[in-house]
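Subject: A structure for you to look at

Hi there,

Here is the structure I promised to pass on. Have a look at it first, and then read my notes below.

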Amino acid sequence: MTNTEATELEGGAEGSSRRPVADPAPFVFVGGTGRSGTHVLARLLSRHPHFALVPVEVRFHVEERGFPGLLAGRVSQDDFVRRLRGFWWKGFQTGRMRGMFRFVPEQRFEGAIATFEAAFEDDPEAACRQLYRDLLWFRVTEADARGLVEQSTDTVAEAATLVRLFGEAKFIHVVRDGRDASASRVAQTRGVISPRTRRQGLEWWEERIRRVDAGSRAIPPDRLLTVSLDELLLLGEKALQPLCRFLGVYRRDRMRRFFRLRMNAEHAHAERWREGLSERQTRELERLYEQALDRLEADGVACAPLLRRTLERSRASADAGPPPMAFMMGDGHEVKVG
């Protein structure tokens, strides 16, 4: 038994009365619409000694030209490898170079591709699983951890593929007030690509929410947790307990410190969507957003109740708003805090 395991069995700083942790998740995929808080939540999880973080969105396992298209026969092995060596390794996006070149040694990268190419024809799924491990699991080894957190935004949307490959994985879907998430996306695009306007931003957000919801239906209910970033920030550090319980680990002091320092309304830019809008424009955007929520609720989109709570709270005084509800399991049941 490692020192980390012994500390967890004893309860560590949390106290010795805690029961032992059973089967912590080896793979955790954090996803959402984009601009919803996926990165900050992944960084929070990586403050636990059980988890190592993949520091960038690697994407090859969730994009259409990646594992989903490859395993469905829509993308050839050669095209996949070409994209892997190209954009996913080193590509220009949003004003800077991104990709695995930032943290994966090139020798490891090429060795993983060679192994993948030799194995793919005989067993495509096994080859994809091994490629993912060969490229990324060294982060776990180097950190003396036992699990890996990956934060590509489409992980939940493409869960049908990931569940086939990583049946033991757990998924976290991060949602955020659609007005803030969409406004952040519009600011990110800088008018160069769609969405260019606030209205287009809400349309982008709704389409992404629906994609995530469709993908989430492939995940076993006990392996999916939906987290409202807005509600999480209101609950404070006590919200770490159900989050860690879902992952099969105990809360740690480094997680608490990160939460205190980096996870508050100011860092989340809550209500930032109002900036630069006239009173008339604000009313119009609220009307469009509520209509979007009405459609999501009517169609049974699972995360709609969390989003509705945030909207209701934004319209009420601090005392009059509904109590925070930050978590929902894959079967739709609320996760109690405290």
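In which sense do strand S1 and strand S5 (residues 147-150) pair, and over how many bridges? S1 and S5 pair in the parallel sense, over 3 bridges. Strands here are DSSP runs of E with at least two residues, helices are DSSP runs of H or I with at least four, and both are numbered from the N terminus. Two strands count as paired if DSSP finds at least two bridges between them.

Please keep in mind that this is a predicted model, in which local features need pLDDT of at least 70 and side-chain atom pairs count only at pLDDT 80 or more, while totals for chains, interfaces and linings use all residues. Residues are numbered from 1 along each chain as its sequence is written, and side-chain values use heavy atoms, with hydrogens and water left out.

The pLDDT is the predictor's confidence in each residue, from 0 to 100. The protein chain averages 90, and 90% of the residues score at least 70. Over residues 1-20, however, the pLDDT is below 50; this stretch has 30 contacts (heavy atoms within 4.5 Å) in the model beyond near neighbours in sequence.

Now for the sheet. It is open and built from 6 strands in the order S2-S5-S1-S6-S7-S8, with mixed pairing. Strand S2 (51-53) and strand S8 (327-329) are at the edges with a single partner strand each, so one side of each has no neighbour in the sheet. On average, neighbouring strands are turned by 25° against each other, direction ignored; axes are lines fitted to C-alpha atoms, for helices over the stretch in contact, and angles run from 0 to 180 degrees between N-to-C directions.

Let's follow S1 (residues 27-32), where 6 of 6 residues are buried (under 20% relative accessible area with a 1.4 Å probe, protein chains only; over 50% is exposed, in between partly exposed). In a regular strand the side chains alternate between the two faces of the sheet. In S1, Phe-27, Phe-29 and Gly-31 point one way, and Val-28, Val-30 and Gly-32 the other.

On the S5 side, Phe-27 has Leu-148 as its bridge partner, and Val-28 stands opposite Val-149. S1 also runs parallel to strand S6 (residues 170-175), joined by 5 bridges. There, Val-30 faces Ile-172 and Gly-31 pairs with His-173.

Finally, helix H2 (residues 38-45) lies across S1, S2, S5 and S6, at about 155° to S1.

Happy exploring!
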